[in-house]
Amino acid sequence: MPFVPLGALAVLAAVAGLCGGATRPNLSAVVALVLPAERRREGIALSRSASNAGFTIGPPLGGLLAAYDFSLVFVVDAVSSVVLAAVIWRYVPSATRVAAARVLGVWRALRADKSVLVLLVSIVVIDTVYRQLFSTLPLVLHDAGTPAVAYGVLLGLSSVFIVLLEAPLAIRLRNHHASRVIAVGFALVATGLAVLGVWPVLMGAGVAVALITAGEMLYKPTATAQVVDAAPAGMTGRFSSLYAAASISGMTLAPALGGTTYQHHPHLLYPLAGALALAAAATTYLAGRRRVVPARPPVEALPGHPPVVPAMPPAAAPAAPPSE
């Protein structure tokens with residue numbers, strides 16, 4: 001980035017963004033495939049904790065580098081990425097491959113388990129309203145006279161709580177029905193947004209961020225694992241990509257929809273966002289209750305090779321009994 005002509009920056013940034021975006025679903029797929037199904041929620045939660053630790057450390061470190069020489073931000077990022085690639089190449093276990101097989105189409109697989117399709121649509125909705133935390137909340141606090149540093153502290157504390165609590169929470173809830181955990185997470189996001197609707201000042205934002213962060217810790221690792229669990233053999237990467245696409249769609253829609261609503265109907269934004277989150281919670285819960293795990297047909301083999309019969313996904317574990 002620091003060494004190319006100005007006219008080439010747009011192309012270079014697009015290529016870098018494409019390559020960086022391609023890692024998101026693959027990282028989730030690697031974590032899912034190298035762990036047994038009953039440990040996926042924990043593994044994905046631990047992966048997210050590591051990512052949020054980076055989000056906590058990265059901005060102040062980048063600021064220090066930029067204060068010395070702005071070009072160092074890009075150089076250090078590039079070098080650290082190469083080191084990470086080498087570590088993954090050398091030490092991360094490879095997923096078991098379905099040899100010489102043509103897997104069934106993604107749409108056909110989704111039609112066989114419509115609860116996954118419902119979950120993906122719900123993720124688009126919930127991530128659109130959840131990301132108002134990053135798109136319109138700064139505007140609300142600015143209009144209320146709150147200094148910008150207070151907003152930064154709120155988000156920093158949110159990342160710290162995710163780093164400390166998300167993985168232990170996933171371990172504690174690993175035997176609970178996934179759809180219920182996701183629905184409760186959505187409901188907490190809805191409650192946090194409702195708090196912002198009636199209390200749009202710094203104290204209310206603190207309560208809202210706490211509730212939304214708790215909801216995020218519940219629904220994000222659980223929903224990621226739920227989508228991966230539903231993938232037929234050989235399609236884990238593609239199903240993981242579907243989840244990533246749904247989540248990124250929310251990131252794309254949030255600023256445009258939230259900003260427009262806040263400009264024209266500021267008092268309507270957060271009550272409407274909370275209602276949408278609550279609707280997503282109810283829809284996901286009902287779809288999970290009605291879910292029937294479909295029989296997975298054999299993967300279509302190439303001529304000369306026997307068909308590969310994928311393993312049935314594990315049945316949903318019952319809710320853990322209350323502790324004594």
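The model is predicted. Two helix pairs are treated, α9 with α10 and α2 with α3, together with helix α5 and the buried residues G288 and N52.

**Helix α5**

- Helix α5 covers residues 114–130, and its 17 residues should span 24 Å at 1.5 Å a residue. The C-alpha atoms at its ends are 24 Å apart, which agrees with that expectation.
- The buried residues of α5 are S115, V116, L119, L120, S122, I123, I126, D127, T128, V129 and Y130.
- Among the elements that cover these buried residues are α4 (106–112), α6 (132–135) and α9 (178–198). The cover also includes α10 (202–229), α11 (236–264) and α12 (266–290).

**Helices α9 and α10**

- The axes of α9 and α10 lie 7 Å apart, and the two helices pack at an angle of about 160°. Because angles over 145 degrees count as roughly antiparallel, this angle makes α9 roughly antiparallel to α10.
- The crossing of α9 and α10 is left-handed.
- The residues in the contact of α9 with α10 comprise 19 nonpolar, eight polar and one charged.

**Helices α2 and α3**

- Helix α2 (residues 40–68) and helix α3 (residues 71–91) cross at roughly 130°, and their axes come within 7 Å. The two helices are therefore oblique to each other.
- On the α2 side, the contact is made by G62, L65, A66 and Y68. On the α3 side, L72, V73 and V76 take part.
- Six nonpolar residues and one polar residue form the contact of α2 with α3, with no charged residues.

**N52 in helix α2**

- N52 is located in helix α2. The relative accessible area of N52 is 6%, so N52 is buried, the cut-off being under 20%.
- With neighbours within four places in sequence left aside, N52 is in contact with S159, I162 and V163.

**G288 in helix α12**

- G288 belongs to helix α12, one of the helices that cover the buried residues of α5.
- With a relative accessible area of 9%, G288 is also buried.
- With neighbours within four places in sequence left aside, G288 is in contact with H177 and S179.
- G288 and H177 are 111 residues apart in sequence, while their C-alpha atoms are 8.8 Å apart in space.

Key. Residues numbered from 1 in each chain as written. Predicted model: local features only at pLDDT ≥ 70, side-chain atom pairs only at ≥ 80, totals over all residues. Heavy atoms only, no water. Helix = DSSP H or I, 4+ residues; strand = E, 2+ residues; numbered from the N terminus. Expected span 1.5 Å × (residues − 1). Buried < 20%, exposed > 50% of the residue type's maximum accessible area, 1.4 Å probe, protein only. Contact = heavy atoms within 4.5 Å. Axes fitted to C-alpha atoms, helices over the stretch in contact; angles between N-to-C directions. Parallel < 35°, antiparallel > 145°, perpendicular 65-115°, else oblique. Left-handed = near helix turned anticlockwise from the far one by under 90°. Nonpolar A, V, L, I, M, F, W, Y, C, P; charged D, E, K, R; others polar.
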